[in-house]
Amino acid sequence: MNIKNYLNKYNINPKEIYQNLSYDELHNHEIKNNEVEISSLGAVVVDTGKFTGRSPKDKYIVQADPSSKYVFWGKVNQPISEDIFEKLFTKAQDQLNNKNLYVQDVYAGASKASRKSVRVVSEVAYHAHFVNNMFIRPSAEDLKDFTPEFTIFNASKTKNEEYKEMGLNSETFVIFNIEKNVAVIGGTAYTGEMKKGIFSIMNYLLPLEGKLPMHCSANIGEDGVTALFFGLSGTGKTTLSTDASRKLIGDDEHGWDDDGIFNFEGGCYAKCINLDAKSEPEIYAAIKRDALLENVVLDEEGNVDFNSAAKTENTRVSYPIYHIENYEKSSQGGHPKNVIFLSADAYGVLPPVSKLSPEQAMFYFLSGYTAKVAGTEIGITEPTPVFSACFGEPFLPSHPLVYADLLKEKLQKHNANVFLVNTGWSGGEYGVGKRISIKDTRTCINSILDGSINNNEFENFDVFNVSIPKNIDGINPDILNPRKTWENKEKYDTKRNQLAKMFVDNFERYGDVVEKLKTYGPQI
């Protein structure tokens, strides 16, 4: 079906259709439409307006069969009726009608056995640019027979003024109709809604095929061995997986099928607040023409002030993965030997690195502890402790145990080691202590990946009862036990016990289903 007929099928009659434009063509449209500024680095700069982060309270899933029996309904997955969906879709259709529309056809998933074909429709050129950056671009041959399995209609310029009558949260809406294979966005121009929307759909579809979708980054060493880095936004997935000595598979979203690990995406979406060319040279070098900077501050000469949070703490840059010099061209890797859980501990309690038993791995995976970084979501203005199941609860349509059971199965089958790495604070809680340096974290990570960490003597970390190394070459040994970094040891013990209780209280939500796993968490 040609693209005009495809859009007509959805009651959209566009003025002009720009389908699968090249970067140069999109660049010209962005300038012509006055959507961008040009930075001195060559990357374009956009302002996404009021929304500089996701709006999770405005995300809904149509409650219909058969998908409803697989969806874990609640605060994350809010139900919406088919009737309200149709009303909101009509608003989006009205907005997109008689407009110049940009259509990008892409894949989610580098594995041919597991990938899904996706079409994104928007009236904003930089949205098409973002999609081109972030997803896998089909070859010319693939495009000849391209048929979308899922479509996003991004009507960012429309608003739902009837939201109160509909019982919704605001004028903004991000809605998914799984039966119709459609998502509709309205009221927000934040590009991350498209990225995480497709991630949510992959998180619904793949477990039905026995495949594990993961909120993690991945890289591969010269020995051909893959490593995974789980974590929420701001915990260091992009930074720590982008390593000159290892090939980057991807920085955020992956699947694990019978053949191994595969990237969902064709690009990276890095936080760039306080970005420094010395500490993160690969990411800094990736910011050039075809990269897309969001909500950063420019001076009159077009120089980027990466330290400015005048618009948001959640300044971002998207770029095609090949902007990273050392990337894995297949976007795939074998079954991992090491799996790393990243937590930015705002309390300064957790050690920089801990080795987990298989049972502890399940406990900490289901806990998903970290600190939300300022600006990642609307209303978050400073690091806030949070428990996010599977290190990605906002994007999980199904119950967390679905993903935990799949992870357990794959860890056991492929005999992978699991480590918990704290990229947060040391020497005191947020506001008192200091964030653990990237250099020290990288040293811990490198010792995991080269296996040298296993040559050290380990000791038990009180209350949490995880194993921590006494020494790692290149690191002050006192840093490895966080209690030693606090001036007031009694305050540390109090804060440690408070955090331990938070873990215990959070795990109560799983009830008797995982009762045995509680014994592998903190013991107060």
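The legends below walk through several close-up views of one predicted model. In this predicted model, local features need pLDDT of at least 70 and side-chain atom pairs count only at pLDDT 80 or more, while totals for chains, interfaces and linings use all residues. Residues are numbered from 1 along each chain as its sequence is written, and side-chain values use heavy atoms, with hydrogens and water left out.

View 1. Helices here are DSSP runs of H or I with at least four residues, strands are runs of E with at least two, and both are numbered from the N terminus. Helix α3 covers residues 82-96. Buried means under 20% relative accessible area, exposed means over 50%, and partly exposed is in between (1.4 Å probe, protein chains only). After α3 comes N98, with a positive phi near 60°.

View 2. A salt bridge is a side-chain nitrogen of Lys or Arg within 4 Å of a carboxyl oxygen of Asp or Glu. Both residues sit in α3, four residues apart, about one turn of the helix. K87 is partly exposed at 43% relative accessible area, and D83 is partly exposed at 47%.

**View 3. D24 and R289, a link between distant parts of the chain.** The structure holds 24 salt bridges, and one of them joins the side chains of D24 and R289 at 3.1 Å, N to O. The two partners are 265 residues apart: D24 is in helix α2 (residues 23-32), and R289 is in the loop between α9 (281-286) and β17 (292-294). D24 is partly exposed, with a relative accessible area of 45%. R289, at 40%, also counts as partly exposed.

**View 4. K116 meets E209.** This salt bridge brings the two side chains to 2.7 Å, N to O. K116 lies in strand β7 (residues 116-122) and E209 in the loop between α7 (192-205) and β11 (212-220), so the pair ties together parts 93 residues apart in sequence. Is K116 buried or exposed? K116 is buried, with a relative accessible area of 11%, while E209 is partly exposed at 38%. Elsewhere, salt bridges with shared partners join K195, K196, K237, D252, E253 and E265 into one network.

**View 5. Helix α10, largely enclosed.** Eight of the ten residues of α10 (residues 358-367) are buried, so the rest of the structure largely encloses this helix. Buried here are Q360, A361, M362, F363, Y364, F365, L366 and S367. G368 follows α10 and has a positive phi, near 60°.

View 6. D258 is in the loop between β14 (253-257) and β15 (260-263), and with 65% relative accessibility D258 counts as exposed.

Terms used. Expected span 1.5 Å × (residues − 1).
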